[in-house]
There are 2 protein chains.
Amino acid sequence: MAGISRRDFLSKASLIAGSSYPAMIALGLLKSAPAEAFNLEGKGTGKHVVILGAGLAGMAAAYELKKLGYKCTILEARDRSGGRVWTVRNNTRETELDGSEQVAKLDEGLYFNAGAARIPHHHELSMHYCRELGVPLETYNNINEAGFIYNDGQGALANKRVRIREIHNDMRGYTNELLAKAVDQNALDLPMTTEDKETLIEYLRAEGELNPDKLYKGTSRRGYVVPPGAGDIAGKLADPFELMDIIKSGLIGPSFYNIGDYIFEQQMTMLQPVGGMDQISKAFERQVGKDIQFKSEVREIRKTTDGVRIVYADKGGNTKEVQGDYCICTIPLPVLSNITTDFSSAVQRAVDNVSYHQAGKIGLQFKRRFWEEDDHIYGGISRTNMDIHQIFYPSNDFLSKKGTLVGYYNFGDKAEKVGNLSLADREKLALKQGSKIHPQYIKEFESSFSLAWHKIRYSQGAFATYTTESRERYYPVLLQPDGPVHFAGEHTTYLTAWMAGAFESARRSVKNIHDRVMATQQAQVELKN
Amino acid sequence: MAGISRRDFLSKASLIAGSSYPAMIALGLLKSAPAEAFNLEGKGTGKHVVILGAGLAGMAAAYELKKLGYKCTILEARDRSGGRVWTVRNNTRETELDGSEQVAKLDEGLYFNAGAARIPHHHELSMHYCRELGVPLETYNNINEAGFIYNDGQGALANKRVRIREIHNDMRGYTNELLAKAVDQNALDLPMTTEDKETLIEYLRAEGELNPDKLYKGTSRRGYVVPPGAGDIAGKLADPFELMDIIKSGLIGPSFYNIGDYIFEQQMTMLQPVGGMDQISKAFERQVGKDIQFKSEVREIRKTTDGVRIVYADKGGNTKEVQGDYCICTIPLPVLSNITTDFSSAVQRAVDNVSYHQAGKIGLQFKRRFWEEDDHIYGGISRTNMDIHQIFYPSNDFLSKKGTLVGYYNFGDKAEKVGNLSLADREKLALKQGSKIHPQYIKEFESSFSLAWHKIRYSQGAFATYTTESRERYYPVLLQPDGPVHFAGEHTTYLTAWMAGAFESARRSVKNIHDRVMATQQAQVELKN
């Protein structure tokens, strides 16, 4: 596979008709999925790469560089690796930019993922590194029909919790009834035979569970008032909601679109490491931990005649410096923006002007898993138009006694508003709004730990968020090295916000640096001959 | 809660307006979910119940009876507990009714669930017993958009594998486009304001990811030809399939309706025990194992003047008998039909005439998990109209080296046809048809173990299947005890095929017997006074 990149290969393979790729695998032409191949040729021995940030991008870059013989030094401002891959456990400490300090009080074994929390099954490098580094994964149950939606507003179905499955199945019923009617009455100018129309109508009937008259009159898919049981308990259905009540109550409004169920990144299957997302950063740390200098805050990034010079404050607060041949800078742009550099003006402008998303999360520990015991919710999400936006239920440790859930995961204005509250008031808001969905909150609550990613010192944002304009104007600048400095991290990808972005960017930087080193070696060889 | 059944309670609670039940929990009026309450009063000490069958119904009945002081004897024809809860591992042996014998050759740690394989989150008693007996559960990823559909037939999209997400998203696109058009053109006589129509149209646009002209022109939801990556790799979309190609290729025909995704029993969240479904039967066996007599084949069920007498062949083939005050008979009806009894003619007719489903499964062990490594499939199902009907991928042990999948799970005619093949021919069929979806089968296959439930000696069917007529005519007869003999098992419920049916029926029988015993005790007390 040398000399042809994975993407080149995939794109060429897709030109060949039909099932050639699986056929090639079956025929043994490929040893394993090309997705994982990263077999760069040549050695970088003697070259020193200084990596800024021990998040996934930085550590993956070091991991791959070291396979190629490079020396790596990773400077990390925090006392832990992982960056925005961060699992909060008992005694986790954090002081936000405004000085508010927290120490997590969670029972042994309880945790929540404050940052990255789910892995799409098709994020090949995320899966690959878990496989290669032995990080066990389990299903992250992203979509749960038993979750609730709660619209704070007007209408017969507002201000109460409604099961997602009730709305999903009622809307499937009504919309398929309407479309079946339109097709049946030839109201649409469809270029179809009568037989095709019948096939379509039968499909719509199955989709909506329409009755023989093609009308939606409710379905067991939305659940029971009395579930079927033994003996003479045949089960009792509830009536469906009225379509007009659903519409007038805002339940098919923008806050409740099913986009999160459908988009490629969040479709099932999603996965998570057993024991917390930081199992991935810990796995990388086992590989490159010796090269990480923790509590080393970068102060200056300087281009020198033959490389790079990084000035930093070490854990004692002393100013130190480290020189290297190349640098991979994974520092989030809002943080980098406040570091002294001699970047080109184009780079500096890009660093200053790419926006980052605001996002907030709160972990709540409860005495018992009432969402499982009382409400039969095992993983998944409840959604609301309130400030808390979403409640995430854990996909692990089902049936155990205590549990944590994510009491809010919000963005933009909501994240800013809630993030600006005191820690106590964030907790109060999460409990007040959350208890409208789960009244059990009041009795079962034990402790909270909240964070506003835009107020977390070494992140200052959840993830880069490009507009069409900034993608055109600033993004290409960050893809080019500024002298010896290469940029990596999710913000240098089309996979912003995802760990896969960190990994893809790490490989990209490694390849670009290695290409330069190989070209120099080649030039030296040619010079000698 | 004494004196009011769970269902009475739920049904009464549902009469009280709105969120009274969660409110009651929050107020501490209920200690835990009433679902789990089974607090019968009084003691059955001195009474002996003979239970026929150590499946879940029989063991759960014994477990509950023993809490009440009863003596229990469980006769089990097999050398294992669990009945149709059966996990096949290395060296599992089975001889089907036609004499064909198999010994499973699976690597250490590999298994597949030959019978029950998934637990709906709302099956309260299944969840309850796992909680009470300490059986850890994990997500059973029943719905996976990355699975394939494969239609063996005519049309541009037939005879090739197509991702489920491609069809799902294309159909959501086209049907929502059509309905948006119909609503927009007032083709439907909708009693809606203009504003309501706009709300509905915007919802349809979000559902189908329609463009500003409300047309479906493809979506990233269906996946990429080249996925987005780092640097300048923005990703490349494939064109959607044409609606007419989908219809003409049979991909929205009956074989591929999405009913399995929608029905209440199979919606997410589904769960499975960590390590195989037999962890549940093993947990019960830890509780009541002392009372089980294995390899004891029931020959006669006799009503006596003061109870019941069961004649059986013990493991040495000797005829033995055991007497009891009551009997709970959980033997599947097709098996029971061949046992000598003095049941009433009505009962005997019911036993003889309730139909059971035919079902077949094959477990296939492969050298590597190519469905994960090559195809990014982690759990879920591929569907086809071929005889194999479905391929089930494991929801556990992701990323490990080897794996088993269920190469077919079929019913009715297909199960009969495949079940009638020799073991070697079943394997051949599974590999031949399966390799159309996964060409990797050919190179990676190691071993198989197949079964036809209707040919398994002590089951002779997968589960009871009632018609409207048989539910009316025979079912009520089985709900009444025939003298001392009470019937239990999934066939005595409206939860046929599910483990929850076994549990609900066990509790029902225990309650019915205990009510009789308590009534007798009460009568004796009154006689004395």
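Start with the polar contacts between chain A and chain B: 24 residue pairs, both partners at pLDDT 80 or more. A polar contact here is a pair of N or O atoms within 3.5 Å; within protein, one must be able to donate a hydrogen and the other to accept it, and residues adjacent in sequence count only if both atoms are side-chain atoms.

Next, select helix α5 of chain A, residues 164-184, which gives the largest share of the side of chain A that touches chain B, nine residues. (Helices are DSSP runs of H or I, at least four residues, numbered from the N terminus.) Color that side of chain A by residue type and you get 52 nonpolar, 24 polar and 23 charged, with Asp, Glu, Lys and Arg as charged, Ala, Val, Leu, Ile, Met, Phe, Trp, Tyr, Cys and Pro as nonpolar, and the others, Gly among them, as polar.

This is a predicted model, where local features need pLDDT of at least 70, side-chain atom pairs count only at pLDDT 80 or more, and totals for chains, interfaces and linings use all residues. Residues are numbered from 1 along each chain as its sequence is written, chains are lettered from A and ligands numbered from 1 in the order in which they are written, and side-chain values use heavy atoms, leaving out hydrogens and water.

Now pick B:Asp196 and A:Lys248: their side chains form a salt bridge, 2.9 Å from N to O. The two chains share two salt bridges (a side-chain nitrogen of Lys or Arg within 4 Å of a carboxyl oxygen of Asp or Glu).

Last stop: A:Gly134, which follows α4 of chain A and has a positive phi, near 70 degrees.

Note on methods. Helix = DSSP H or I, 4+ residues; strand = E, 2+ residues; numbered from the N terminus.
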